[in-house]
Amino acid sequence: MSKYVIYTDGAYSAKRNQGGVGIVILRDGQLLQKFNKGYKNTTNNRMELKAVIWALKAVQKEIDSLTIYSDSMYVIGCAILGWKRKKNQLEWLLYDEEFERAQKLVKNPIEFVHVKGHNGDKYNEICDNLAVRASQQE
């Protein structure tokens, strides 16, 4: 069994009305995979949440632990701090479904950690770059 850490980030380009998500998956401290995807007609908060949904989707087999890092207080607040989910209801429904599914495969409770964005955290910076690139793609 393994310990997984997944960094997530979302980005939005108002000029293009396009967003992107970026995730970086680490297994036992080693870089395993990077992923990004663009979305049209979206918002930054939706992209931050969509990135976490992709992180949860990545759990496909039993693992010991999962820690998800996000620089979005919106996501952290609504996911674990009891903030009201006033917008993005469809995405929150998807989040709840994926969280419940993933938690059944993770031996320990899934943890969330807030990381300060644009502050030199190596994997957060990689995620940001992936998300921004996805938001700029044609």
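Tyr123 sits in helix H4 (residues 122–136); helices (H or I, at least four residues) and strands (E, at least two) are DSSP runs, numbered from the N terminus. The model is predicted, so local features need pLDDT of at least 70 and side-chain atom pairs count only at pLDDT 80 or more, while totals for chains, interfaces and linings use all residues. Residues are numbered from 1 along each chain as its sequence is written, and side-chain values use heavy atoms, with hydrogens and water left out.

Tyr123 counts as buried because its relative accessibility is 16%; buried means under 20% relative accessible area, exposed over 50%, and partly exposed in between (1.4 Å probe, protein chains only). Leaving aside residues up to four places away in sequence, Tyr123 touches Tyr7, Val24 and Leu26, where contact means heavy atoms within 4.5 Å. Leu26 is 97 residues from Tyr123 along the chain, and the C-alpha atoms of the two are separated by 9.4 Å.

For the protein chain as a whole, residues 24 or more positions apart account for 65% of the contacts with a separation of 6 or more. The chain has four helices and five strands, in the sequence order β-β-β-α-β-α-α-β-α. Of its 138 residues, 46% count as buried. The C-alpha atoms fill a box of roughly 45 × 30 × 25 Å along the principal axes. The radius of gyration of the protein chain is 14 Å, which agrees with the value near 14 Å for a compact globule of 138 residues; the radius is taken over C-alpha atoms, and the globule rule is 2.2 Å times the number of residues to the power 0.38.

Two loop residues remain. Asp28, in the loop between strand E2 (18–27) and strand E3 (30–40), has a positive phi of about 50° although it is not a glycine. Asn41, in the loop between E3 and H1, likewise has a positive phi of about 50° without being a glycine. Most residues other than glycine have a negative phi. Asn41 is exposed, with a relative accessible area of 57%.
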